[in-house]
Amino acid sequence: METALKVNGLVQTELNLSIEDFQNVTEAYQVVDITTLMPGREGQAITLEGLLALCQPSAEAQFLGLHGTLDDFHASIPLAAVRERGLIQYAKNEQALDVKAGGPFRFLIPDHAACNTDDIDECANVKFLDHIEFTAERGFDNRPEDEDEHAALHAHENTEN
Ligand SMILES: Nc1nc2c(c(=O)[nH]1)N[C@H]1C(S)=C(S)[C@@H](COP(=O)(O)O)O[C@H]1N2
Ligand SMILES: [Mo]
């Protein structure tokens, strides 16, 4: 499985970030304990601001495409809504994030809305994240759209575990 995070689309610098690249991101963009921002969650992350500093999206980039290839799960969310709070988790207990914990990378949004209530909902906390794409228009998004779809998705998750 791919263990780097590909970052492309409307950016000045395309990236392919390994866990070492994440560890080497400057301290100002590191979240050493996610619990401080999202009670109940543990691990290490960089802020989305940190990623933006590295890839420098163009002014036309209005949407963030979050792709989890492993289970074909995708979200496309307005960049402006998450630019100041979005996180990309890359480790837990300082170790690479296991696929069982949603790794190799995971998008996280502190203060997200409940599932299906808003664009910036819990469902946009994309696991198995391996590709982030900056686009001008909203891109592919197959988050569950209602309670039934949501229940079906979680039932499927449970049978896999
Ligand atoms: N790749 C992937 N990411 C995903 C999902 C999924 O099915 N696949 N489910 C989403 C949904 S609907 C929710 S509510 C949250 C659940 O996160 P949790 O398992 O950490 O509580 O993960 C989101 N991220
Ligand atoms: Mo969800």
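Aromatics, ligand and a helix

A: Phe22, Tyr90 and Phe105 make up one aromatic cluster. Keep in mind that this is a predicted model.

Q: How many aromatic pairs does that come to?
A: The count is two aromatic pairs. Phenylalanine 22 and phenylalanine 105 form one that is stacked, with 4.7 Å centre to centre and 25° between the planes.

Q: Where in the chain do phenylalanine 22 and phenylalanine 105 sit?
A: Phenylalanine 22 is in helix 1 (residues 19–23), while phenylalanine 105 is in the loop between strand 8 (95–96) and strand 9 (106–108). They are 83 residues apart, so the pair links distant parts of the chain.

Q: Buried or exposed, those two phenylalanines?
A: Both phenylalanine 22 and phenylalanine 105 are buried.

Q: Switching to ligand 1. Which residues come nearest?
A: Of the 15 residues around ligand 1, the nearest are Arg41, Asp71, Arg106, Asn125 and Lys127.

Q: What lies 2.7 Å from a nitrogen atom of ligand 1?
A: A polar side-chain atom of aspartate 71. On the oxygen side, arginine 41 has a polar side-chain atom 3.2 Å from an oxygen atom of the ligand, and an N or O atom in the side chain of arginine 106 is 2.8 Å from an oxygen atom of ligand 1.

Q: How much of ligand 1 does the protein bury?
A: The protein buries 87% of the 540 Å² that ligand 1 exposes when taken alone. The space ligand 1 takes is the largest pocket.

Q: Which element gives the largest share of the shell around ligand 1?
A: Helix 4 (residues 147–160), with four residues.

Q: And helix 2, which residues are buried there?
A: In helix 2 (residues 48–55), the buried ones are Leu48, Gly50, Leu51, Leu52 and Cys55. Glutamine 56 follows helix 2 and has a positive phi, near 50°.

How values were computed
Residues numbered from 1 in each chain as written. Chains lettered and ligands numbered in written order. Predicted model: local features only at pLDDT ≥ 70, side-chain atom pairs only at ≥ 80, totals over all residues. Heavy atoms only, no water. Buried < 20%, exposed > 50% of the residue type's maximum accessible area, 1.4 Å probe, protein only. Helix = DSSP H or I, 4+ residues; strand = E, 2+ residues; numbered from the N terminus. Phe/Tyr/Trp six-rings, centres within 6.5 Å; stacked < 30°, edge-to-face > 60°. Near = heavy atom within 4 Å. Polar contact = N/O pair within 3.5 Å; in protein donor to acceptor, adjacent residues only side chain to side chain. Areas by Shrake-Rupley, 256 points an atom, 1.4 Å probe, with all protein chains shown as cover. 1 Å grid on protein atoms, 1.4 Å probe; cavity = no way out; pocket = protein on both sides within 12 Å on 5 of 7 lines; lining within 4 Å. Sits in = over half its atoms within 2 Å of the grid points.
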